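This briefing goes through one protein model and its ligand, topic by topic. Please look at the sequence and the structure before reading on.

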Amino acid sequence: MPEKLKELNKNLLDISTWLRFDRIPWVIAGPCSAESEQQVISTARELAKSANVKVFRAGLWKPRTRPDTFEGVGKIGLAWLKTVKAETSLLITTEVANAKHIELCLENNVDILWIGARTTVNPFMVQEIADALKGVDIPVLVKNPISAELGLWLGAIERLYHAGIRKLAAIHRGFSTYIEMEYRNRPYWEIPIELKRLLPNLPLICDPSHIAGHRDLIEPISQMALDFGIKGLMIETHINPDQALSDSKQQITPQVLVELLDRLRAREAALTDKQLKTRIAHLRAAITQVDSRILQDLAERMKWVEEIGSLKQQHHIPVLQINRWEALLEDHIAKAQQIGLDGEFIKAVFELIHAQAVKKQL
Ligand code: PEP
Ligand code: MN
């Protein structure tokens, strides 16, 4: 791990110092947008009945992709959040995108701030937020950027850290893609996993609502997050989802949330059983052995690639032979499927290998 990240990781304040939770998953819930006092308070009252829900969320300033859609109620909603705080045991959080939002949230005792995906993507905006938070002791949750770039996510966390923020957490809400698929945003789990590897002390929260884009998919994504060891969830909840002014398809009622949380199974067990420990250690050793074979084979493959590359150069043959590449890929996918491997997976693996092989020959 690079020294700078090591230091950041070491100095993060443990989440137990700023968020009290006694069960997993602990949950941040509430509507995508605050719409009216009645909607905010009634949703919060229902949510407060759940032992998992610790924080109430509601967007006041909504970063909408297109104009002429509901862009949030703005600062009048702060009073509604204050009522939630006074009437329930829930902490309150909202999205901030500039210094003015921060000033208003601090004046109104908002407990936790979050930075949205469309803000994390922009270092100027993140820096403005970090500057406005200098000397302020408040937890900040950083959503991943809309584009699949770990660097921007890390960069936002580092900017806040440099401003003195030590109560930090990351929210995984998936990444935009132009390809139509079952999810609204691609999870690319490898990105939050890499973030966790680099900053193991940074709590990771999953936002299945924005990954899913549809309420039916919230439960399987939440379970997947728990299976990865993620302990916190942010789930959009509305007293009347179908009438919601933003993200209506992905919101669920507080009651549906409670039922869903009941069905989720957290993997909390520590690895203490001796026999199980030995069995897992053996399996890990076997996996490591296979991995080192794969590495050696890849190194050998690259050696042949270099040889073929210099031959092509000597004889002025173009590096990329598209017919050969197509035939090879087709053949590998077919063979892979015969032995029970997923064709899409093998395609992705060989696309990477081939791209590297081409690079080596240039
Ligand atoms: C939201 O949480 O309502 C929101 C706008 O999220 P994101 O920044 O993840 O799109
Ligand atoms: Mn939303």
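Which residue just after α4 takes a positive phi? That residue is N109, with a phi of about 55°. The model is a predicted one, and the points below start with the whole protein before turning to its parts.

**Overall picture**

- The protein has 362 residues, of which 45% count as buried.
- Its secondary structure consists of 14 helices and eight strands.
- The C-alpha trace spans about 75 × 50 × 45 Å along the principal axes.
- Among contacts with a separation of 6 or more, 73% are between residues 24 or more positions apart.

**Helix α4**

- Helix α4 covers residues 99–107, and its buried residues include H101, I102, L104 and C105.
- These residues lie on the same side of α4, because they cover an arc of only 165° around the axis.
- An α-helix has 3.6 residues a turn, so residues three or four places apart point the same way.
- The cover over the buried residues of α4 includes α3, β3, β4 (112–115) and α6 (123–132).
- At the start of α4, a side-chain oxygen of N98 comes to within 3.1 Å of the backbone nitrogen of K100.

**Around ligand 1**

- The residues around ligand 1 are C32, R57, K62, E95, W114, G116, A117, R118, K143, R173, H210 and E236.
- By type, this shell divides into seven charged, three nonpolar and two polar residues.
- In the side chain of K143, an N or O atom is 2.8 Å from an oxygen atom of ligand 1.
- R118 has a polar side-chain atom 2.9 Å from an oxygen atom of ligand 1.
- For H210, the distance from a polar side-chain atom to an oxygen atom of ligand 1 is 3.4 Å.
- On its own, ligand 1 has 290 Å² of accessible area, and the protein covers 97% of it.

**Backbone angles in the loops**

- Most residues other than glycine have a negative phi, and most peptide bonds are trans.
- D68 is not a glycine, yet it has a positive phi of about 60°.
- The loop that holds D68 runs between β2 (53–57) and α3.
- Is D68 buried or exposed? D68 counts as exposed because its relative accessibility is 81%, and the cut-off for exposed is over 50%.
- H316 is not a glycine either, and its phi is positive at about 55°.
- H316 sits in the loop between α12 (274–314) and α13 (322–338).
- With a relative accessible area of 72%, H316 is exposed.
- I24 and P25 are joined by a cis peptide bond, with omega at about 0°.
- P25 belongs to the loop between α1 (3–11) and β1 (26–30).

**Residue S89**

- S89 is located in the loop between α3 (77–87) and β3 (91–95).
- A relative accessible area of 66% makes S89 exposed.
- How many residues apart along the chain are S89 and V358? They are 269 residues apart, and 59 Å separates their C-alpha atoms.

Methods
Residues are numbered from 1 along each chain as its sequence is written. Chains are lettered from A and ligands numbered from 1 in the order in which they are written. This is a predicted model: local features need pLDDT of at least 70, side-chain atom pairs count only at pLDDT 80 or more; totals for chains, interfaces and linings use all residues. Side-chain values use heavy atoms; hydrogens and water are left out. A residue is near a molecule or strand if one of its heavy atoms lies within 4 Å of it. A polar contact is a pair of N or O atoms within 3.5 Å; within protein, one must be able to donate a hydrogen and the other to accept it, and residues adjacent in sequence count only if both atoms are side-chain atoms. Accessible areas come from the Shrake-Rupley method with a 1.4 Å probe; for residues, only the protein chains shown count as cover. Ala, Val, Leu, Ile, Met, Phe, Trp, Tyr, Cys and Pro count as nonpolar, Asp, Glu, Lys and Arg as charged, and the others, Gly among them, as polar. Helices (H or I, at least four residues) and strands (E, at least two) are DSSP runs, numbered from the N terminus. Buried means under 20% relative accessible area, exposed over 50%, partly exposed in between (1.4 Å probe, protein chains only). The arc is that of the directions from the helix axis to the C-beta atoms. Contact means heavy atoms within 4.5 Å.
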